[in-house]
Amino acid sequence: MAYKFIDNYREKGARKRLVEVLKKKGIEDEQVLQAIGKVPRHFFFDETFWLQAYKDIAFPIGEGQTISQPYTVAYQSELLHIHKGQKVLEIGTGCGYQTCILMELGAEVFTIERQEKLYERTIQVLPYMGYRPHFFLGDGSKGIEAHAPYDKIIVTAGAPTVPEILLRQLNVGGLLVIPVGNEQEQKMVTILKVGENDYEKVVLDTFRFVPLVGDKAW
């Protein structure tokens, strides 16, 4: 596959238009909008499909996975309320687009992907782009206990329930953002850890993610 690693006025202009679309859809966090406006989403697309890169749609990236819709990426990122230097666990690296947005927001990102082909490509592409998160290959439904606790955890695939193991990997005061539901649609859920065994849960809008596959999921 031929990937395009050129970012000129046309691509930058397309990102500006995408940011305006996201504003109209209700994304308000200026830092999130700036991150969307900076990360070259077309770097994650075969050059044949460049015209799809700045549409507000999800798109297949192989291995049964998709690059998430920009609105979804912005929505989850906004919910995380990331502060510079916070330790963030991302479940489902995928192509790495969401990872880049998290890093633009100032997070130290620990990201895990179960599909080896996606992992192998992402560990090459992201450093080339200047992003160097902590990469892991494995079952994200179990988190990465060796590097816990985390300030924030984001899950980028739909889970049948909230894995208890992820809650245990949060700092007190930490936040988990996860889509929960069936394999067709999920509700976005935020869970704030207010004590060692005490949580506050909020159920938000409906989305459609690829399934979270693993020992603690589907």
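**Entry 1: His81**

I looked up His81 and found it partly exposed, because its relative accessibility is 49%. With a 1.4 Å probe and protein chains only, buried means under 20% relative accessible area, exposed means over 50%, and partly exposed is in between. I note that this is a predicted model, in which local features need pLDDT of at least 70 and side-chain atom pairs pLDDT 80 or more, while totals for chains, interfaces and linings use all residues. Residues are numbered from 1 along each chain as its sequence is written, and side-chain values use heavy atoms, without hydrogens and water.

I then checked the backbone: His81 is not a glycine, yet its phi is positive, about 50°. Most residues other than glycine have a negative phi, and most peptide bonds are trans. His81 lies in the loop between H3 and strand S3 (87-91). Helices (H or I, at least four residues) and strands (E, at least two) are DSSP runs, numbered from the N terminus.

**Entry 2: helix H3**

I went back to the helix that His81 follows. How many residues of H3 are buried? Eleven of the eleven are, so H3 is largely enclosed by the rest of the structure. Among them I listed Pro70, Tyr71, Tyr75, Glu78 and Leu80.

**Entry 3: aromatic pairs**

I counted pairs of rings and got eleven aromatic pairs. Rings of Phe, Tyr and Trp (its six-membered ring) pair if their centres lie within 6.5 Å; planes under 30 degrees apart are stacked, over 60 edge-to-face, and the rest tilted.

I looked at Phe44 and Tyr97, an edge-to-face pair with 5.8 Å centre to centre and 70° between the planes. Phe44 is in the loop between helix H2 (30-38) and strand S1 (59-62), and Tyr97 is in helix H4 (residues 97-104), 53 residues apart. I found both Phe44 and Tyr97 buried.

Next I took Tyr71 and Phe207, which are stacked at 6.3 Å centre to centre with 20° between the planes. Tyr71 lies in helix H3 (residues 70-80) and Phe207 in strand S9 (residues 198-207), so the pair ties together parts 136 residues apart in sequence. Tyr71 and Phe207 are both buried. I also found them in one aromatic cluster with Tyr75 and Phe209.

**Entry 4: charges over rings**

I searched for NZ of Lys or CZ of Arg within 6 Å of a ring centre and within 35 degrees of the ring normal. Arg41 lies over the face of Tyr97, 5.5 Å from the ring centre. The charged end of Lys87 sits over the ring of Tyr150, 5.4 Å from its centre.

**Entry 5: a cis bond**

I checked the peptide bond from Ala148 to Pro149 and found it cis, with omega near 5°. Pro149 is in the loop between strand S5 (134-137) and strand S6 (150-155).
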